[in-house]
Amino acid sequence: MQAFSDLLDRLIYTRSRNAKLGLISDFLKSTPDPDRGWILAALTGELDFPNVKVSAVRNMAMERVDETLFRLSRDFVGDTAETVALIWPERSEISASEIPSVGEVVDELTAVSRSDAPKLLANFMDHMGANERYALLKLATGGMRVGVSARLAKAALAQAFEIAVEDIEEVWHALAPPYSELFAWGEGRADRPDLTGVAFFRPFMLAHPLEDKAIDLTDYAAEWKWDGIRVQIVGTGEETKLFSRGGDDITMAFPDVAKAFDSEAVLDGELLVRGEYQGGEAASFNALQQRLGRKKVSAKMQAEYPAFVRLYDILFHGAADLREQSWTNRREKLEKFVPQLDAERFDISTVLEARDFNHLGEIRDGARNAAIEGVMLKRRDSRYISGRKIGLWYKWKRDPLVADCVMMYAQRGSGKRSSFYSDYTFGCWTEDGELYPVGKAYSGFTDEELKMLDRFVRQNTLNRFGPVREVEKTMVLEVAFDSIHQSKRHKSGLAMRFPRISRIRSDKPADEADRVETLKKMIT
Amino acid sequence: MGMTKEAHWIEPHPHGIYVKPADAWIDPSRPVSRALVTHGHADHARGGHEKVWATPETLAIMGLRYGTNVGQAVPYGDGFELGDVKISYHSAGHVLGSAQILMEYQGERVVATGDYKRRSDPTCAPFEVISCDIFITEATFGLPVFKHPDTTVEIGKLLCAREGNPDRSILVGAYALGKAQRVIGELRIAGYREPIYLHGALKKMCRLYQDLGVDLGDIRSVMDSEKEAMRGQIILAPPSALNDRWSRRLPDPVTAMASGWMSVRQRARQRNVELPLIISDHADWDELTQTIRDISPSETWVTHGREEALVHWCSLNQMKAKALELVGREEEDD
């Protein structure tokens with residue numbers, strides 16, 4: 001438990017990604033099974049003890065310390081687990097041998113009933129110092145707040161055992177904590193884990209932005225890039241699962257789609273919602289968001305926002321792994337496969353017929369469908385490879401929308417940028433001549449431009465609100481964004497998708513920046 | 001709580017504590033004719049008073065900060081009378097020159113602590129327990145979550161970070177008066193003999209401490225030092241400079257901060273601190289409550305900090321207490 005609490009504390013205060021990777025990787029190498037596996041599960045968010053409730057932890061602390069004193073402390077600290085860890089009455093001497101191991105803690109937390117959980121935790125905490133108590137409560141109640149994503153934790157595992165992170169991703173979703181097979185494989189004590197008959201996620205093949213390159217269409221096939229959720233359908237014949245880009249199981253949110261699939265295959269596609277106003281065509285991303293992130297969806301929601309998958313690719317057919325084959329071969333197999341599926345729920349993303357690259361550009365610019373984000377270009381001879389490999393797949397998004405906005409607030413960045421004001425909130429003018437915030441961006445500028453903007457913020461500060469500075473409304477920023485939607489988050493009623501600073505318009509007077517009304521006309 | 005019914009001879013006001021029969025104010029936050037100042041921090045010692053009573057060290061600090069010279073020096077243990085009030089100053093252990101003020105009037109003894117701590121500090125005299133009827137205490141860290149660890153442990157962390165990062169510098173944020181000199185002093189006690197580099201804002205105060213006889217060893221100015229010379233070295237700066245442009249001149253600094261607030265993780269994170277050092281010049285919860293027990297006054301008045309919690313603790317322990325509502329006491333970077 002001590003090694004884990006040290007790791008947590010160091011991660012909390014470490015900002016650089018590489019340093020975090022190093023810390024986790026060293027920990028995984030030097031910690032024995034099963035502790036390291038449980039910690040890896042905690043960091044990737046795969047650990048859950050349903051019988052341990054934060055409220056029970058709070059009540060238990062209130063029993064030991066006066067309730068008012070606890071409440072005042074909790075208000076000040078801002079985190080229940082940390083408050084309990086700090087406030088817990090400490091015995092003067094705790095010997096290291098009394099502190100339980102992570103494995104012991106996990107075993108007991110797994111077995112404990114809801115009514116016995118507080119007693120168990122109290123007993124653990126009586127044998128720990130404040131830092132271990134904090135680690136214990138974070139482990140037990142979840143939510144590490146150490147700034148480590150599941151992806152980063154897996155990258156650290158890959159670094160520790162010199163395995164490609166793609167190979168870890170490939171097997172990860174089929175394994176369960178404490179991952180002893182994974183460590184055995186990493187340390188060369190066992191073969192790669194056998195996953196026959198398990199419905200698990202395979203890492204996606206991703207695309208690079210095309211930027212200014214021109215492409216020869218004899219080498220590349222083109223299709224629409226749909227603005228939905230990239231999804232992987234994994235069917236074993238026995239069960240079917242849907243996975244999101246990050247490998248999260250989203251089957252529960254889209255039971256209508258999963259139920260309609262009973263083949264043995266792995267498919268790559270775009271999850272979309274049928275829009276009633278578009279004659280059965282795909283509706284915009286906004287409609288899909290109604291269903292995103294829900295653990296369970298009502299029958300009403302399924303009826304109002306019926307989901308379907310527009311298929312791009314086939315990775316497995318039966319037991320046959322097609323990923324080593326060319327895109328052309330896979331496409332042929334996909335075209336043969338799709339007609340067997342429920343047409344309500346599955347269709348195929350059509351290949352665009354263009355005479356040449358310029359013609360394709362015209363087709364792209366002419367697209368009026370809100371669900372089209374741009375065009376994908378896929379090398380005809382490309383294998384299906386996890387991650388982004390240069391030259392194989394490109395995304396060629398529609399030209400972004402732009403608006404001239406006025407900087408209103410600035411906030412310090414993090415990590416290397418912590419001494420710079422690098423996050424900007426900007427606004428546009430209302431009819432009454434007021435500035436309303438329309439978005440926030442922290443990218444798109446060069447290092448030199450950042451220094452310039454930082455200087456502007458420091459020299460033109462009107463007000464300070466904690467880490468935020470309000471600035472003179474004189475700096476015009478040209479903001480590029482992929483689309484704009486209605487939203488209650490900003491006073492303007494607008495929210496941009498992927499806003500970034502495209503140009504700094506020091507030349508432009510602030511009162512010539514765009515109006516909120518103009519932006520409203522861009523809503524798709 | 002049944003408090004004294006009639007007006008007491010000591011009156012709490014939003015801008016200070018008024019000692020009526022002496023016609024003097026303790027730590028007033030605006031200019032007055034007669035001020036009794038506990039210590040040199042800006043939220044207790046302000047410029048512009050007509051007459052000031054303070055320890056010689058506090059007067060020297062006020063002279064440096066405000067250029068004032070209107071003080072009557074009161075060494076620890078010496079007494080004087082104002083009106084019919086007998087007044088004496090006793091060490092508070094907070095920073096160099098910090099004093100508790102003992103006042104006796106018509107047989108009643110009142111102690112105002114200003115800020116204080118109970119731990120040892122190589123740069124100032126230790127806290128003195130003075131029996132009294134009314135104890136007027138601070139409560140900066142007056143919540144049971146604050147239990148400051150041993151200073152040696154925290155200094156150990158700092159030295160360990162330095163050894164582990166020979167290619168970087170260790171930049172420690174520390175309040176200019178008291179904390180900075182204490183960190184240096186504690187490092188010297190731990191046997192650290194290397195030069196310690198200072199931000200410009202700390203230089204004058206450190207020099208004053210040295211003039212007043214506090215040994216700080218080899219201290220140097222960042223401005224006068226080569227960037228490369230500071231690699232692997234410890235640098236001190238006021239907390240406001242930690243993430244400021246100033247820090248760009250240092251070789252890849254590890255950002256540390258010495259403050260009692262560092263025990264709260266998200267607070268340390270908010271300040272972009274990589275190495276939090278829990279070093280405080282205030283009493284922690286156990287010390288605040290133990291001091292009230294040690295003195296066992298008939299009433300405790302709480303001036304500033306988490307007064308609600310400390311007053312509540314007193315009531316739980318059947319002790320009379322009340323919170324004074326003072327203004328202008330900032331949450332300094334302790």
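Figure 1. Two residues are in contact here if their C-beta atoms, placed from the backbone, lie within 7 Å. A note on reading the labels: residues are numbered from 1 along each chain as its sequence is written, while chains are lettered from A and ligands numbered from 1 in the order in which they are written. As this is a predicted model, local features need pLDDT of at least 70 and side-chain atom pairs count only at pLDDT 80 or more, whereas totals for chains, interfaces and linings use all residues.

**Figure 2. Chain B as a whole.** Chain B holds seven helices and 19 strands; helices (H or I, at least four residues) and strands (E, at least two) are DSSP runs, numbered from the N terminus. Its radius of gyration is 20 Å, close to the 20 Å that the globule rule gives for 334 residues, so chain B is as compact as a globular protein of that length. The radius is taken over C-alpha atoms, and the rule is 2.2 Å times the number of residues to the power 0.38. Along the principal axes, the C-alpha atoms of chain B fill a box of roughly 65 × 45 × 30 Å. Of the 334 residues, 49% are buried, where buried means 20 or more other C-beta atoms within 10 Å of the residue's own, exposed 12 or fewer, and partly exposed in between, with C-beta atoms placed from the backbone. Among contacts in chain B with a separation of 6 or more, 58% link residues 24 or more positions apart. The average pLDDT, the predictor's confidence in each residue from 0 to 100, is 93 for chain B, and 96% of the residues score at least 70. Take care at residues 1-5 of chain B, where pLDDT stays under 50 and the model has four contacts beyond four places in sequence. Where pLDDT is low, the predicted coordinates should not be read in detail.

**Figure 3. Where chain B meets chain A.** Here 25 residues of chain B are in contact with 20 residues of chain A. On the chain B side, α5 (265-270), β17 (275-277) and α7 (307-316) each supply at least two residues, and α7(B) gives the most, with five residues. The chain B residues on this side comprise eleven nonpolar, six polar and eight charged. For the complex, the predictor gives an ipTM of 0.93 and a pTM of 0.73.

**Figure 4. Strand β7 of chain A and its partners.** β7(A) (residues 307-317) is mostly covered, with nine of its eleven residues buried. Strand β6 (residues 264-273) of chain A pairs with β7(A) in the antiparallel sense over nine bridges; strands are said to pair if DSSP finds at least two bridges between them. One place to look is L267(A), whose bridge partner in β7(A) is I314(A). β9 (residues 346-348) of chain A pairs with β7(A) in the parallel sense over three bridges, and F346(A) in β9(A) is the bridge partner of V309(A). Two bridges join β7(A) to the antiparallel strand β8 (residues 320-321) of chain A, where A320(A) stands opposite H317(A). β7(A) and β8(A) form a hairpin with two residues between them, and G318(A) in the turn has a positive phi of about 60°.

**Figure 5. Helix α3 of chain A, in its surroundings.** Nine of the nine residues of α3(A) (residues 35-43) are buried, so the helix is largely enclosed by the rest of the structure. Among these buried residues are R36(A), W38(A) and L40(A). The buried residues of α3(A) pack against helices including α1 (2-13), α2 (17-30) and α7 (102-111) of chain A. Just after α3(A), G45(A) takes a positive phi of about 75°.

Key:
Ala, Val, Leu, Ile, Met, Phe, Trp, Tyr, Cys and Pro count as nonpolar, Asp, Glu, Lys and Arg as charged, and the others, Gly among them, as polar.
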